[in-house]
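Dear colleague,

I am handing over the structure below, and my notes on its charged side chains follow it. Please read them with the model open beside you.

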Amino acid sequence: MAEEVLDVVDNHDEVIGQKPRSEIHRLKLNHRAVHVLVFNSRGELFLQKRSMKKDCFPGAWDSSASGHLASGESYDACAVRELREEIGLEPDMPPERLFKVAACAETGQEFAWVYRCAAEGAFRLDPEEIERGGWFAPVALNRWLSEKPGEFASGFVCIWNEMLRRGLVPGQA
């Protein structure tokens with residue numbers, strides 16, 4: 001299988017070229033990604049535990065679904081594709097855009113749009129991408145993050161902190 005080719009972007013998220021994924025990561029070039037947070041009717045967040053086969057953050061807990069935009073792909077199309085590919089979710093409505101995170105070390109130099117959608121599961125997890133998943137109440141997740149932040153992908157930690165800061169977490173004041 002050919003390696004993914006992704007868009008390289010400048011500090012304003014404007015496309016300046018294309019390179020293979022491995023080269024983008026090796027050279028720490030800015031590129032694009034999405035993170036989708038799936039909440040159920042009880043306000044719990046579905047998290048995935050990344051497969052040990054992943055080159056970045058193997059075995060870490062991460063957003064419900066996330067991934068790189070293919071070259072020329074829109075953020076919105078990528079969010080829908082990642083939900084389908086990673087957890088087998090075909091949402092009735094497109095995920096809601098929440099906010100954009102700027103490329104930084106914590107995100108692996110990814111500009112990332114963060115989305116939210118509602119679903120109850122059960123999901124069909126891609127075993128190449130995900131070891132397992134689970135639902136977590138925000139209060140328990142906050143405690144876990146404060147006690148063991150190293151168990152999470154750094155991009156997710158950044159996103160969750162921004163969710164809390166913006167008051168976007170169900171059940172949080």
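Arg21 is buried, with a relative accessible area of 14%, where buried means under 20% relative accessible area, exposed means over 50%, and partly exposed lies in between (1.4 Å probe, protein chains only). The side chain of Arg21 meets that of Glu4 in a salt bridge, 3.4 Å from N to O, a term that stands for a side-chain nitrogen of Lys or Arg within 4 Å of a carboxyl oxygen of Asp or Glu. This pair links distant parts of the chain, since Glu4 belongs to the segment before strand E1 (5-9) and Arg21 to helix H1 (residues 21-27), 17 residues apart; helices (H or I, at least four residues) and strands (E, at least two) are DSSP runs, numbered from the N terminus. Glu4 itself counts as partly exposed, at 38% relative accessibility.

Please keep in mind that this is a predicted model, in which local features need pLDDT of at least 70 and side-chain atom pairs count only at pLDDT 80 or more, while totals for chains, interfaces and linings use all residues. Residues are numbered from 1 along each chain as its sequence is written, and side-chain values use heavy atoms, with hydrogens and water left out.

The structure holds 19 salt bridges, and one of them joins the side chains of Glu131 and Lys49 at 3.6 Å, N to O. Lys49 is buried at 14% relative accessibility, whereas Glu131 is partly exposed at 40%.

A salt bridge also forms between Arg97 and Asp76, whose closest N and O atoms are 2.8 Å apart. Here Arg97 sits in strand E7 (residues 96-101) and Asp76 in helix H2 (residues 75-87), distant parts of the chain 21 residues apart. Arg97 is partly exposed, with a relative accessible area of 38%, and Asp76 is likewise partly exposed at 38%. Elsewhere, salt bridges that share partners join Glu73, Arg81, Glu82 and Glu85 into one network.

Lastly, Lys54 lies in the loop between strand E4 (45-50) and strand E5 (61-62), and it is buried, with a relative accessible area of 17%. Leaving aside residues up to four places away in sequence, Lys54 touches Glu128 and Glu129, contact meaning heavy atoms within 4.5 Å.

With kind regards
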